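Hi everyone, thanks for coming.

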Amino acid sequence: MPATITFFPVDNGDMTLVTLDTGRTILIDCNIRNEADDEDGDAFDVAGALRDRLPTDAQGRRYVDVMVLSHPDKDHCLGLERHFHLGPLDKWDRDDDKIVIREMWSSPMVFRRASKQLTLVPDAKVWNQEARRRVGLYRDNPYATPLVGDRILIMGEDENGKTDDIPGIVVPVDHTISQADGQNDGTFVAWLLGPLPIAADEEEDELAKNRSSIILRFSLTGDGCLDAGRFLTGGDAEVGVWRRLWARHGPNAPERLEYDILLSPHHCSWHSLSEDSWSDPSSERRVDTNARNSLSQTRFGAVIVASSKEILDDNSDPPCIGAKDEYVDIVDGNTNRFFCTGDTPDDVLEFEIGSSGPKKKARSLASLVSVLGVGAAARTPRDHGRRIRGS
Amino acid sequence: MQRAIRVFESSIGADSVEALSLEDDAADVALTIEVPMLLKWRAQGHSDNGVRCEEVVTVRFFPSYPWSAPRFYLREDFPRELPHIQPGPITRPPEPCLVDGNLDEFFMEAGLVGVLQQLHQWLERAAEGALINASQGWEPTLRHNLVDDLVLDRSWIEQVVCEQGGSRVYRTSFMQTGLVEAVDGRETMTFGRVDAERVRLQSPPSEGLFQGRLEDGKFLVGESLTLVIWAEPRGLPVIADKYQPETVYSMQALLERAEAYQMRVPLERELARLSSELARNELMTVTPVGVVMCVRRPYHLIGTDSTLELVPYYMDIGPQHCNSPLAEQPDIPVVPATHRDAVSQSLLERASGQSASGTFAMLGCGSLGSKIAMHLARGGNSVSVVSDYALFQPHNLARHGLYDGLSSGKATALAKALRRLGQPVVAHEANIVRWLGEATGVAALVPKGTTTVIDTTASRRVRDRLSSLPTEVSARMASGATFGNGYGGYLLIEGNDRSPTLDDLSTEYLRLGMEHPDLGSLQHAEDEGVRPMEVGQGCASMTIPMSDSRISAMASRLAETVVAEESSIPDTGRVIVRMDDETENEGQWIRQDIEAPIVVPITDGDGWTFRIPPRIEGAMRDEVSRWPSVETGGVLMGRTNERLKTITIVDLLDAPPDSVRSASGFRLGTSDLKNKISDYFERSGETLFDVGTWHSHLDDQGPSPTDRNTAISLAAERPPPYGMLIVTPSALHAIMHHPDLE
């Protein structure tokens, strides 16, 4: 069967599901806002759309084989606790019916202590807690085969040596992964491009979270055809990271950055392409050539996706109209090759990777419910009967 | 209309919908559809075969909307060589074929949104070139929605196109009639049937050709021709591997299409001959002349194992076209037609989803027999001979489906119906019993090549005749009947080499009734059985009152069974019983394989034989092994047949307790024996009874003097046939005393 990449409409946030040729699933980030969970509201039911695409195990538990948290920001992990089972599998509750994460791919950020520079939202905290639980199990018995729901891989080595004693579950940067949930899948190879270690001239600051984003370049098998599609995703990595990536790979192996589909970093933020500010009109707004190089290694027909609100022609960032223009330029000036999830807030944006390469899947036609207007009357409270003024 | 536009808008976005014109007779709406396609094609704006990323589709609503679906038209320059484009002249924008079947019906079911979904899917597949799935086979040129039909037997055309020459001309009967409603501007429809009679043009003028006559004031009926043309192989066969949608609506387009298929030369040759033929005939009216292009495809057509696609057309030739060569008149109207297979066994087989294998001879063409015969023939099975001597009587109409006028024969009526299904069947209005007694009669009723004879006469005499046919008659004999007022039906199929016979099996069928109480009570239902029914004053017919529905229900089950059994005939005989539940419409099957009996000729028996199933011999030997040092025995239960001179044994009764066993002899006791026998007789519906005794000998010796004396005394008390069977360690012996032979 073909592989698919599904981008969920989650406003300024990321939530991407990669379904491999084998049917295994890799979820990258989640941003399930409260309004998306409101059954009476109009917002797209993101969690429902995700669940529809996930398999269940013999016990009826819905699961993802892998969940990647690119970095612990709210717009990448919102809804984690509400929708995902955290803790040992035997604590899974049928009534809660949460999604099981069979294997976590986490950045080594989980080993940092919260500080003034590093504040975490509750969902990020529970991710860290669960990651530490799984790492703890590994530390206790590195040679045991982990139980279902206990696996974890740490993406990149910790700069403070916190991962030195757990080499078996650490994937060093510039290494590849082709296993999902400990199984040799054979239908994907993910090149771990980041998080890059801190550079000498960098400061540990609030942006550290963004800098520490996991950057993966997937090569996906489609309908049995190896490398039928390539997908580059890099969380909220900023311009400095992309500049350094070009320095690292550009001269000798630019193909490591090559993609058919790029998830534009940080919700189409100007800061992934430029050191200047977009919001400040007095700023020069120069594009960093090397960062742009990293993000422009397109295969023929490649497309770029912004996972963000609708992109308006104004000073806001992200999403940033300037970044969009730059990305459209990267795809040969063809606006048909740039997509924004905010343009279709009622539907997922989906690409299918078959043996001939990737294609955009048809937008599902409006369901009969919306065509017939079923439930439209329930959208807003309407007065019935005569209202007596002043009484 | 406004609602339809609203549906489009909410489905694909208001920006993508544009009302072009809203007239009374038709309203056009343009839809801009984003076609999902590979990213590399999106980048270039179109797929490799020319489907664009965004296709503008014109939707035309007619006044009949919403009682009919709107029609969808693609842009004029949409690539027409894609399959699943509706046939139509090149001057009309291409129209995708959105559903396999009737779009109007689909629309009623799925609504506008459903049709729109089909359109999206069609465009997506078109872009991928996936409208034809090669693994399923070649998709024949789409000919949905055409009004004209040409019936042609594909099987003989397949033979013909292997020959040299590239063309043949065949006589064709046609019928032309006006349509209630014009379809695509066409106001008449032609139905033609190509006959296998080959016509050589330019030899003496063909009789009665091109002379249409009006029937019933509405049908133009007549004889015309069909030109069958094909590409002559030049060493290798000519393969047309490019799909071309149907756009041929004129002589010019016809010639061009023939050229594309590399068969223009034979077409022009036949057209030239036809021109001179027409010059000699005076056409009074427009006459359809068929053209069938036989196109060899690279792989088999969907649903068949043939690579030959038949592409038929009609040329509408009028009096004005007869004065100059046809090929030089590019504007002669031509219409594509739909090919229909002539009725043939293979067509019926395909339509029934069965694979037929048998050739059947039917004995009895009554309500059961005729229904079974029609079921078999409709499934594509051959029915070669049907025989019955009876004529139709008014009361037959209650159940017989093939009434053909009073005083006509039932066999003749059945044969007539079978011939319509393409069966070259022979009918014999014969006295079956008498014919089966003579070699010539047997040869007529059961011709060579018959695989199975199905006797539905419910006549014991017929069954006996079939049981005594020589084994040289290789067809398998089967006998089917209903019982229990039509709630039961059985099929007896004899074993290899006529053993067991139908007679043996009918006795086993009665024994099964004792094993299965449900069957027994249905077999011997009080109101069961043939009885006289008043059919006129002072006139009665022997029949079982039963509704047509009931007998049809049983006939269909028996016919299914016949077909199923035909594909796997066992060496043994077989008794198959079906019982329908009267109240709950449920039922059960009983199937019993019956092994060939051991035949033991009876000494002094005037030709009588014992027929002993192996299981009965086994039971006797079991009893013998229980008494290894003394003789033992018991009573034989079964039935006798005067005509076949057979005593068929199906059961044993144990020796009564007062029997005496010793090394020198066995004395059958009497205690309670009489009761047991009468009880058995009653339980079997008074059909199975004691037909002899058996006892063992300790050594391999046949009848002893004592045995002979006993036989004499038995014969005195009990009229023959009543035999004695002797079981020795290695053989079976039988004696009977026949007072008449003394």
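This is a predicted model: local features need pLDDT of at least 70, side-chain atom pairs count only at pLDDT 80 or more; totals for chains, interfaces and linings use all residues.

Let's start with one arginine.

Residues are numbered from 1 along each chain as its sequence is written, chains are lettered from A and ligands numbered from 1 in the order in which they are written, and side-chain values use heavy atoms, with hydrogens and water left out.

Back to our arginine. B:Arg42 sits in helix 2 of chain B, residues 39-44; helices (H or I, at least four residues) and strands (E, at least two) are DSSP runs, numbered from the N terminus. Is B:Arg42 buried or exposed? B:Arg42 counts as buried because its relative accessibility is 7%, and buried means under 20% relative accessible area, exposed over 50%, partly exposed in between, with a 1.4 Å probe and protein chains only. The side chain of B:Arg42 also reaches the backbone oxygen of A:Asn336 at 2.4 Å.

Now the interface as a whole. Chain A brings 22 residues to the contact and chain B brings 20 residues. Together they bury about 1800 Å², with 61% of that on carbon and sulfur atoms; buried area is the accessible area (1.4 Å probe) that two parts lose on being put together, summed over both.

How many salt bridges are there between chain A and chain B? The count is three, where a salt bridge is a side-chain nitrogen of Lys or Arg within 4 Å of a carboxyl oxygen of Asp or Glu. One to look at on screen is B:Glu124 with A:Lys359, at 2.5 Å from N to O.

Which parts of chain A do the touching? Strand 16 (259-263), strand 17 (298-306), strand 20 (357-360) and helix 10 (368-372) each supply at least two residues of the side of chain A that touches chain B. Strand 20 gives the most, with four residues.

Chain A has 10 helices and 20 strands, and 55% of its 391 residues count as buried. A:Leu193 counts as buried because its relative accessible area is 0%. Its contacts include A:Val173, A:Ile215, A:Leu232, A:Leu245 and A:Leu257.

Finally, some backbone details. The peptide bond from A:Pro318 to A:Pro319 is cis, with omega near -10 degrees, and A:Pro319 lies in the loop between strand 17 and helix 9 (321-330) of chain A. In chain B, a cis peptide bond joins B:Tyr65 and B:Pro66, with omega about 5 degrees.

A:Asp97 is not a glycine, yet its phi is positive, at about 50 degrees. You will find A:Asp97 in the loop between strand 6 (84-85) and strand 7 (99-106) of chain A.

Notes:
Contact means heavy atoms within 4.5 Å. A polar contact is a pair of N or O atoms within 3.5 Å; within protein, one must be able to donate a hydrogen and the other to accept it, and residues adjacent in sequence count only if both atoms are side-chain atoms. Lists of a residue's contacts leave out its neighbours within four places in sequence.
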